[in-house]
Amino acid sequence: MTPPSLATLAHGQPAPFSAGAFARQAPIRLDDNAYLQRQCARESNARSYPRRIPLALEQGYGVYLRDTSGQLFIDCLAGAGTLALGHNHPAVVRALRDTLDSGLPLHTLDLATPVKDRFIDDLFGLLPAEFAARARIQFCGPTGADGIEAALKLAKTATGRHTVLSFAGGYHGMTHGTLALMGNLGPKAPLGALGASVQFLPYPYDYRCPFGLRGEAGIDAGLRYIGQMLSDPESGVLPPAAVVVEAVQGEGGVIPAPARWLRELRRITREHGIALVLDEVQTGLGRTGRTFAFEHAGIVPDVLVLSKAIGGGLPMSVVIYDGALDAWQPGAHAGTFRGNQLAMAAGSATIRTIAAQGLVAHAEGMGQRLATRLRQLQSDFAAIGEVRGRGLMLGVELVDERAEPDVVGAYPADGDFARAVQRECLQRGLIVELGGRHGATVRFLPPLVIDEDEVDLVGELFGEALGAATRVLR
Ligand SMILES: Cc1ncc(COP(=O)(O)O)c(C=O)c1O
């Protein structure tokens with residue numbers, strides 16, 4: 001089934017703006033305005049997105065956003081991958097209105113409600129049957145980071161071990177505990193000791209293979225490194241409680257783990273009694289063309305952390321885990337905001353709409369279409385080092401092709417060029433984010449409801465932006 005057209009998005013009423021309006025609009029102006037000036041004067045120096053996406057937003061429908069000057073943008077950031085159904089999808093808006101009208105208490109800690117009960121049914125219905133049969137769920141504080149914190153505590157308690165394994169390039173949140181698992185040094189550097197005992201492992205980043213090998217040989221070397229480290233009585237690493245891994249690293253630069261690597265990681269963790277924690281905060285709920293990214297490898301994790309899309313755009317995170325790990329005590333992961341009824345209602349509406357409209361397969365198809373468009377650009381722009389990703393989670397790593405390549409033929413990441421491309425995209429009405437080493441990977445995370453014409457437009461605008469940045473910087 002095809003997703004609803006933009007024209008029907010606003011409660012059956014025509015949406016106030018559309019693809020046609022986007023095409024007809026005057027050239028975008030990114031002038032400073034009063035909102036941005038006040039934001040600059042009042043908000044924290046730690047603010048992040050507004051520095052590269054200086055917009056004051058007023059409305060959103062589907063894949064489109066409108067700023068306070070009436071300019072339209074195609075949103076390939078979508079709340080950092082949160083808005084599976086795009087902005088203000090009628091099913092989500094209806095679920096929110098119905099919940100508000102029903103008189104349900106909006107704040108319920110972790111007490112039972114019919115809305116929560118239905119949400120758990122909907123969520124468990126998505127899990128592989130063998131996992132669902134043994135699954136327990138813990139509602140966490142509303143952020144992905146809190147879900148990861150809970151997963152660490154769960155695994156440590158269940159195994160009686162304290163060490164955790166994480167991966168170079170990994171991103172799991174910004175609390176002290178989750179920063180300890182982070183690859184990127186920037187946010188960690190000022191903080192010193194982060195509290196968790198973490199051992200970092202090489203991630204299978206083929207383009208910049210840490211073993212200088214690439215391909216199957218690179219995968220083998222990475223697996224051997226992990227297997228050897230865990231078997232060596234003198235590795236210096238105490239037996240770990242958990243391995244925390246993204247099946248596709250998002251912030252790390254949109255790097256998909258090969259299915260074989262993930263299957264072997266599953267085997268190795270089982271062999272060593274280590275809980276395999278899949279962080280699907282960003283990949284969960286159809287983003288990669290499967291409901292969960294671990295399905296690409298046909299594995300089942302011990303612990304699954306979900307957030308972002310499962311709240312239908314509202315804050316929520318959960319940990320779903322094998323009941324055999326359920327050794328923590330009552331109150332072990334308390335928190336005030338674990339009962340967001342509106343998020344659960346919006347989450348159920350999102351899960352049901354994704355199923356009814358076949359949006360997981362749609363994401364796979366649209367992702368292939370966009371990846372093809374992006375790869376076509378590679379022959380025109382030598383600065384594209386690699387196009388990669390799964391489903392509608394795609395990245396284009398930009399490099400300095402004039403520099404010397406490394407041993408595997410990879411050119412240095414070019415963050416300055418990527419920032420110029422991002423700016424040129426914005427000036428053409430396309431919102432994209434950057435990630436990866438030196439911020440050199442342009443990331444595409446559009447809502448799963450994006451249609452073919454919109455995908456083609458994204459490819460076209462990105463090509464124009466690359467051309468404009470090339471003329472200035474090359
Ligand atoms: C894979 C992954 N894990 C955890 C998080 C942290 O989620 P939050 O920002 O809600 O704390 C993110 C956020 O982008 C993420 O991408």
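**Exercise 1: The open sheet**

In this predicted model, strand 2 (residues 64–67) and strand 3 (residues 72–75) run antiparallel and are joined by 3 bridges. Determine which residue of strand 3 is the bridge partner of Arg 66, and which strands stand at the edges of the sheet.

Solution. 
1. The bridge partner of Arg 66 in strand 3 is Leu 72.
2. The open sheet comprises 4 strands in the order 1-2-3-15, and its pairing is mixed.
3. Strand 1 (57–61) and strand 15 (430–431) each have a single partner strand, so they stand at the edges, with one side of each left without a neighbour in the sheet.

**Exercise 2: A salt bridge across the sequence**

Identify which parts are tied together by the pair Arg 52 and Glu 433, and classify Glu 433 as buried or exposed.

Solution. 
1. The side chains of Arg 52 and Glu 433 form a salt bridge, at 2.7 Å from N to O.
2. Arg 52 belongs to helix 3 (residues 49–52) and Glu 433 to strand 16 (residues 433–435); the pair therefore ties together parts 381 residues apart in sequence.
3. The relative accessible area of Glu 433 is 5%, so Glu 433 is buried. Arg 52, at 29% relative accessibility, is partly exposed.

**Exercise 3: A network**

State which residues are linked with Arg 388 in a network of salt bridges.

Solution. 
1. Arg 388 forms a salt bridge with Glu 397, with the closest N and O atoms 2.7 Å apart.
2. Both Arg 388 and Glu 397 are buried.
3. The network links Arg 208, Glu 386, Arg 388 and Glu 397.

How values were computed
Residues numbered from 1 in each chain as written. Predicted model: local features only at pLDDT ≥ 70, side-chain atom pairs only at ≥ 80, totals over all residues. Heavy atoms only, no water. Pairing = 2+ DSSP bridges. Helix = DSSP H or I, 4+ residues; strand = E, 2+ residues; numbered from the N terminus. Salt bridge = Lys/Arg side-chain N within 4 Å of Asp/Glu carboxyl O. Buried < 20%, exposed > 50% of the residue type's maximum accessible area, 1.4 Å probe, protein only.
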